[in-house]
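Colleague: I would like to learn how to read a structure like this one. Could we go through some features in turn?

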Amino acid sequence: MAIRKIFTNDAPCLRKVARPVKNFDAHLATLLDDMKETMYKAEGVGLAAPQIGVLKRVCVIDCRDDIGYIELVNPRIVAYSGEQEGPEGCLSFPGRRGWVVRPNSVIVRGFDRFGNEVEYKGNELFARAVFHETDHLDGKVYIDIATEIPDSYEEDEV
Ligand code: NI
């Protein structure tokens, strides 16, 4: 496994639409292993392949919740509901935070590294992370939809 460079700010790879994975091979497994290690090293709750300059529809998430660490290849959101608003950040925009409205619940389907279909359901931070990471696969970043964090909001953790 290896720590990969996380591209930031104006890097063109953050604005490109990623391509679906066709081969569930050793190359994909290495990519996922590296993304996992890179996400934990950076203390993020998610990482999408375009953030490390790989334009494939792959992301990893770990919200330190009951769902735990997951890998999503070619993810697609099949249902969502409700609404949440709260602070959001991104490893590709270090030092910044913004206020983002997202659905509160999500069901996402995709594939694991072996090509088996997987489905995950979750709320709150998990739903926020799924929308944030799948946006990355379409070249969308949260700062485009974020507003200022209200003065009335006190963050208890960064
Ligand atoms: Ni991000």
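Colleague: With which side chain does the side chain of His136 make a polar contact?

Modeller: The model is a predicted one. In it, the side chain of His136 makes a polar contact with the side chain of His132, at 3.2 Å.

Colleague: Where is His136 placed, and is it buried or exposed?

Modeller: His136 sits in helix α2. To judge burial, look at the relative accessible area; buried means under 20%. The value for His136 is 2%, so His136 is buried. Among the residues it touches, leaving out those up to four places away in sequence, are Ala48, Pro50, Cys90 and Val141. Lys16 is also touched by His136. The C-alpha atoms of His136 and Lys16 are 8.6 Å apart, although 120 residues separate the two along the chain.

Colleague: Are Cys90 and His132 buried or exposed?

Modeller: Cys90 has 12% relative accessibility and therefore counts as buried. His132 is buried too, with a relative accessible area of 6%.

Colleague: How many residues of α2 are buried?

Modeller: Of its 14 residues, 12 are buried, so α2 is mostly covered. The length of a helix can be checked as well. At 1.5 Å a residue, α2 should span 20 Å; its end C-alpha atoms are 21 Å apart, which agrees. Just after α2, Gly139 takes a positive phi of about 75 degrees.

Colleague: How should I read a nonpolar core?

Modeller: In soluble globular proteins, nonpolar side chains tend to be buried together. Here the largest nonpolar core has 15 residues, and those touching the most other members are Ile61, Cys63, Ile70, Leu72, Val106, Phe126 and Val130. Two or more residues each come from β2 (58-62), β3 (69-81), β6 (105-111) and α2 (124-137). The largest share, 6 residues, comes from α2.

Colleague: What does Val106 touch?

Modeller: Apart from residues up to four places away in sequence, the contacts of Val106 include Ile77, Tyr80, Phe126, Val130 and Phe131. There is also a second, separate core of 14 residues, with Leu31, Leu32, Ala49 and Val73 among them.

Notes: Residues are numbered from 1 along each chain as its sequence is written. This is a predicted model: local features need pLDDT of at least 70, side-chain atom pairs count only at pLDDT 80 or more; totals for chains, interfaces and linings use all residues. Side-chain values use heavy atoms; hydrogens and water are left out. A nonpolar core is a set of buried Ala, Val, Leu, Ile, Met, Phe, Trp, Tyr and Cys residues joined through side-chain atoms within 4.5 Å. Buried means under 20% relative accessible area, exposed over 50%, partly exposed in between (1.4 Å probe, protein chains only). Helices (H or I, at least four residues) and strands (E, at least two) are DSSP runs, numbered from the N terminus. Contact means heavy atoms within 4.5 Å. A polar contact is a pair of N or O atoms within 3.5 Å; within protein, one must be able to donate a hydrogen and the other to accept it, and residues adjacent in sequence count only if both atoms are side-chain atoms. The expected span of a helix is 1.5 Å times one less than its number of residues.
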